[in-house]
Amino acid sequence: MSVAVVTGGTRGVGAGIARAFLRDGADVVVCARRPPPRPLGAGDRQARYLPLDVRDPEAAAQLCDRVARELGSLDVLVNNAGGTPYRPLVEGAPRHHARVVELNLLAPLHLSRAAHAVMRGQRRGGAVVMVGSVSGGRPSPGSAAYGAAKAGLENLARSMAVEWAADGVRVNTVVLGMARTELTELHYGDAAGVAAVSATVPLGRLAEPDEVGDACVFLASDAARYITGASLAVHGGGERPAFLDAATADRT
């Protein structure tokens, strides 16, 4: 049985990732600054909650050591914690933009290093999965620091994959598009707004958190044992090019 740690795993996409690992038979630890509003489980199995400020490198190291000591190993780390408010670059203080980069890039770096320190001593190594974003591969107006951090996260994962391959530690990225969570309507408006946004996705809907979790489980599994340094797009086909809707030519 494997042991998986999911940061930001108490709600939204993170909770979906945790449920997917529970269904796969893993012992799951979810960590965040606040506990989940209700016990997080799948079937008759429940995740364990440990408090953590992911921005604190010392706390990250202590958590990874504790998990390995109390559960016997640390096999998977999913760096899911992240996010940003809407904030154009000309607004807010420099520290606000810096904290976005700290949460979405530096925190995964520190947590991954802490997990690697444990995984490299295990016979079967381990797997790190970064939760990236399509914002890292296109302009991200209103969340530029977030987009830059997510672009850096993919590059960081590829570098880690090369550096840590000899230690048996694989590192991959799930590049996430829009997902349906408890906060969806805050981002996209009422049901009509969510439907309109969903219609821009080629598959016609937003991702469900558990579907993101299934992708993470795959990348952490033996089925992906020769995959490292990869980026797996989980975005329903991406975004339809705007020029196709803007063009006036008759394509019938």
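Helices (H or I, at least four residues) and strands (E, at least two) are DSSP runs, numbered from the N terminus. The model is predicted: local features need pLDDT of at least 70 and side-chain atom pairs count only at pLDDT 80 or more, while totals for chains, interfaces and linings use all residues. Residues are numbered from 1 along each chain as its sequence is written, and side-chain values use heavy atoms, with hydrogens and water left out.

**View A. Leu 109 in helix H3.** Leu 109 is partly exposed because its relative accessible area is 23%; buried means under 20%, exposed over 50%, and partly exposed in between (1.4 Å probe, protein chains only). Apart from neighbours within four places in sequence, Leu 109 is in contact with Leu 156 and Met 160, where contact means heavy atoms within 4.5 Å. Its C-alpha atom is separated by 9.8 Å from that of Arg 55, 54 residues apart along the chain.

**View B. Val 100 in helix H3 (residues 94-119).** Val 100 has 7% relative accessibility and therefore counts as buried. Not counting residues up to four places away in sequence, Val 100 touches Gly 83, Thr 84, Ala 145 and Tyr 146. The C-alpha atoms of Val 100 and Ala 61, 39 residues apart along the chain, are separated by 21 Å.

**View C. Ser 112 in helix H3.** With 0% relative accessibility, Ser 112 counts as buried. The Ser 112 side chain reaches the backbone oxygen of Pro 108 at 2.7 Å. This is a polar contact, a pair of N or O atoms within 3.5 Å; within protein, one must be able to donate a hydrogen and the other to accept it, and residues adjacent in sequence count only if both atoms are side-chain atoms. Leaving out residues up to four places away in sequence, Ser 112 touches Leu 77, Asn 79, Val 128, Met 130, Met 160 and Trp 164.

**View D. Helix H4 (residues 144-164) and its cover.** H4 has 21 residues and reaches 30 Å from its first C-alpha to its last, close to the expected 30 Å at 1.5 Å a residue; the expected span is 1.5 Å times one less than the number of residues. Buried residues of H4 include Gly 147, Glu 154, Ala 157 and Ala 161. Their cover includes H3, strand S7 (126-133), strand S8 (169-176) and strand S9 (231-234).

**View E. The crossing of H3 and H4.** The two axes come within 8 Å and cross at roughly 15 degrees; axes are lines fitted to C-alpha atoms, for helices over the stretch in contact, and angles run from 0 to 180 degrees between N-to-C directions. H3 and H4 are therefore roughly parallel to each other, the term for angles under 35 degrees. Residues meeting across the pair include His 97, Asn 104 and Arg 113 in H3, and Lys 150, Gly 152 and Leu 153 in H4.

**View F. Thr 173 and Val 175 in strand S8.** Thr 173 counts as buried at 1% relative accessibility, and Val 175 counts as buried at 11%. Beyond residues up to four places away in sequence, Thr 173 touches Met 130, Gly 132, Glu 154, Ala 157, Leu 219, Ala 230, Ser 231 and Leu 232. With neighbours within four places in sequence left aside, the contacts of Val 175 include Gly 132, Ser 133, Val 134, Glu 154 and His 235. Val 175 and Ala 114 are 61 residues apart in sequence and 23 Å apart in space, C-alpha to C-alpha.

Terms used:
Angles under 35 degrees count as roughly parallel, over 145 as roughly antiparallel, 65 to 115 as roughly perpendicular and the rest as oblique.
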